[in-house]
Amino acid sequence: MAESHLHIAIKRIRKEKLAVAGFCVICLFALIALLDTVPAPYRDAGGMHFNRTVLDTLFQKPVERSYSPPLARTATLNRKEFTLKSTHVLGTNILGEDVLYDALKGVRTAFIIGIVPLIIASFFAVVFGLLAGYYGGWVDDVIQYVYQVLSSIPGILLLIAMLTVMERGIWQLCIALGVTSWVGLCRLIRGETLKVKNMEYVEAARALGASDGHLLFRQILPNVMYLVIIEMTLDFSGLVMSEAVLTYIGVGVEPGTGSWGRMILSADRELPNGIWWNLTGASIFLFLLVLAFNLFADVLRDALDPRLRKG
Amino acid sequence: MERVLKIENLRTYFHMDEGVARAVDGVSLSVEKKRTLGLVGESGCGKSITALSILRLVPSPPGRIAGGSITLAGEDILSLPEVRMRDIRGKLASMIFQEPMTSLNPVFTIGNQVEEAVRMHTQMTGKGARRIALEYLAKVGIPAAHERMGQYPHQLSGGMKQRVMIAMALCLKPALLIADEPTTALDVTIQAGILRLMKDMQEETESAILLITHDLGVIAEMADDVAVMYAGKIVETGPCEEIFTSFLHPYTEGLFQSLPGRTPRGQKLYTIAGNVPSALQFQKACCRFNPRCPLAIERCRVEEPPLVVIGPAHRCACWVRAGEGPL
């Protein structure tokens with residue numbers, strides 16, 4: 001009977017065990033990201049400090065003098081064995097830093113890189129796509145021209161150029177990724193708008209006296225919104241992984257920000273020494289988040305798509 | 001009698017790459033309060049374009065209203081600015097479309113959509129709009145309207161959807177309701193119900209109805225007056241009964257003969273030879289029906305017949321049957 005979209009969507013998702021599992025994993029990751037955002041004030045000889053988060057106080061471990069495998073008690077440095085200051089569940093990396101802590105610090109970065117650029121890109125794509133598809137004519141020409149020029153510049157070059165101009169930082173990276181990645185979605189929305197604007201319900205709304213704004217945002221937008229959701233779910237994983245690539249070419253997040261990309265990249269120095277746990281730890285975190293997201297997104301997409309909905 | 005709609009010499013042209021399509025070429029008609037005018041004709045004769053012209057919804061470009069005048073409840077439609085036109089659509093004149101299956105937005109509940117129609121033209125708050133929506137959904141015969149309001153279009157049958165469309169079109173009591181083949185996409189059993197509903201609602205809202213159809217059965221049931229359209233022109237018009245009993249134009253005659261009931265069982269059904277010409281090929285200075293007309297004489301090919309007065313309200317354009325003036 002009278003049930004809202006959300007109700008029906010939730011009901012559907014709950015039937016899928018894998019999606020529920022995925023959702024739980026996402027929630028866990030989100031909680032970690034949140035803990036890494038909430039500051040935990042502490043006092044020492046120098047006064048009050050606010051630059052530590054709750055996550056730091058919970059998981060930060062002293063830096064060891066050398067690397068050690070997971071759960072090791074001792075490590076060797078210059079062929080001399082010494083006792084570690086604490087137990088490291090995932091071991092320590094080549095610099096003696098705790099791998100678990102590094103991996104947990106990467107969660108917040110991954111979420112920001114996965115979500116913020118999508119919001120920026122969706123905004124551009126929706127506005128330009130709707131306008132181009134609905135008005136056609138010169139509006140369409142101008143918008144098409146802009147995105148064709150944009151898409152003819154190799155994305156990675158544009159990214160590097162933008163990041164060179166702006167200061168290095170996670171938010172700048174988000175803006176650069178957002179501005180360079182709306183073209184594909186914009187094309188899709190433009191095409192779908194072209195189709196939807198000729199549907200009878202749009203014509204019927206116009207015959208009832210609807211204005212252009214109403215038609216665009218109340219009639220057409222809700223019917224192309226599923227594209228945004230699909231695009232978001234498809235791109236999230238890609239964006240999380242692109243952070244690793246950008247870090248590799250030296251335009252990723254600034255040092256000091258948690259980054260799975262940097263952990264994976266340090267493997268080129270670590271693997272020859274038999275240090276596999278740093279690479280593995282980061283990869284498992286990345287894999288878990290992406291997998292959980294894909295499992296959940298797949299079902300979410302079906303649940304939200306009005307055209308797949310049945311009585 | 002109060003005249004709600006008066007169209008005079010309306011011409012709506014489409015400027016295509018191939019040339020100018022004169023889809024509506026000099027149509028005049030009028031509808032009075034609480035009366036129903038049936039506009040009949042084959043597909044492609046310009047019925048729907050006439051309807052869209054009244055609401056100024058002809059896609060432009062390529063369409064353009066090239067001339068004539070439309071007066072709706074005292075307003076000169078063709079000279080109004082677009083903003084004013086938006087007030088008129090839905091409030092003074094609204095429209096029901098042929099395809100109820102696709103005429104409702106799939107992502108909103110029907111209650112939501114009827115409310116939206118109310119809110120578009122009134123200052124009403126959510127609650128007031130909701131009350132009117134509920135009232136009209138009940139009036140158009142949606143059972144358990146209160147629960148149905150929360151349902152999505154895909155949960156309703158075609159007939160139910162058309163009822164919702166009627167509720168949306170009539171909730172502000174427009175002076176004119178344009179119904180463009182409202183029952184064509186529905187089952188025959190449901191058609192009768194929808195037609196009766198339109199008649200009942202007309203009693204209530206006192207609207208005039210412009211009913212567009214190619215189904216003479218629907219006309220017989222609904223219309224007070226009939227206008228027969230062919231190739232962008234009105235060829236015969238008059239009170240419903242008179243047209244049904246003493247039609248004159250060979251095209252009207254052809255339409256009646258094509259009704260399946262007129263042909264004895266076992267014989268081939270009658271058809272008018274040929275098709276409506278494409279609007280690009282409408283010729284000037286001749287009777288546009290002449291290539292298909294069994295009675296065509298030389299004059300039909302060189303001169304256009306005027307719409308001449310036959311009876312009190314009966315007019316016909318045919319050189320052979322109506323001639324130059326009253327007989």
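1. In helix α4 of chain B, the residues B:A129, B:I132, B:A133, B:Y136 and B:L137 are buried, a residue being called buried if 20 or more other C-beta atoms, placed from the backbone, lie within 10 Å of its own. Viewed down the axis of α4(B), these buried residues fall within an arc of 130°, so they line one face of the helix; the arc is that of the directions from the helix axis to the C-beta atoms.

2. This is a predicted model, in which local features need pLDDT of at least 70 and side-chain atom pairs count only at pLDDT 80 or more, while totals for chains, interfaces and linings use all residues. Residues are numbered from 1 along each chain as its sequence is written, and chains are lettered from A and ligands numbered from 1 in the order in which they are written.

3. Helix α4(B) covers residues 126–139, and its 14 residues reach 20 Å from the first C-alpha to the last, close to the 20 Å expected at 1.5 Å a residue (the expected span is 1.5 Å times one less than the number of residues). Helices (H or I, at least four residues) and strands (E, at least two) are DSSP runs, numbered from the N terminus. The cover over the buried residues of α4(B) includes α3 (110–119), α5 (145–148) and α6 (158–170) of chain B, and just after α4(B), B:G141 takes a positive phi of about 80°.

4. Chain B is divided into domain 1 (3–92 + 174–316) and domain 2 (100–173), with bounds that come from an automatic or database domain assignment. The centres of these two domains of chain B, taken over C-alpha atoms, are separated by 29 Å. Their contact takes 16 residues from domain 1 of chain B and 16 residues from domain 2 of chain B, where two residues are in contact if their C-beta atoms, placed from the backbone, lie within 7 Å. On the side of domain 1 of chain B that touches domain 2 of chain B, helix α7 (residues 188–205) of chain B gives the most, with seven residues.

5. Chain A is divided into domain 1 (5–60 + 98–308) and domain 2 (62–97), and 36 Å separate the centres of these domains of chain A, taken over C-alpha atoms. Here 13 residues of domain 1 of chain A are in contact with 11 residues of domain 2 of chain A.

6. Between the chains, 26 residues of chain B are in contact with 19 residues of chain A. The elements giving two or more residues to the side of chain B that touches chain A are α2 (82–88) and β6 (93–96) of chain B.

Note on methods: Buried ≥ 20, exposed ≤ 12 C-beta atoms within 10 Å, placed from the backbone.
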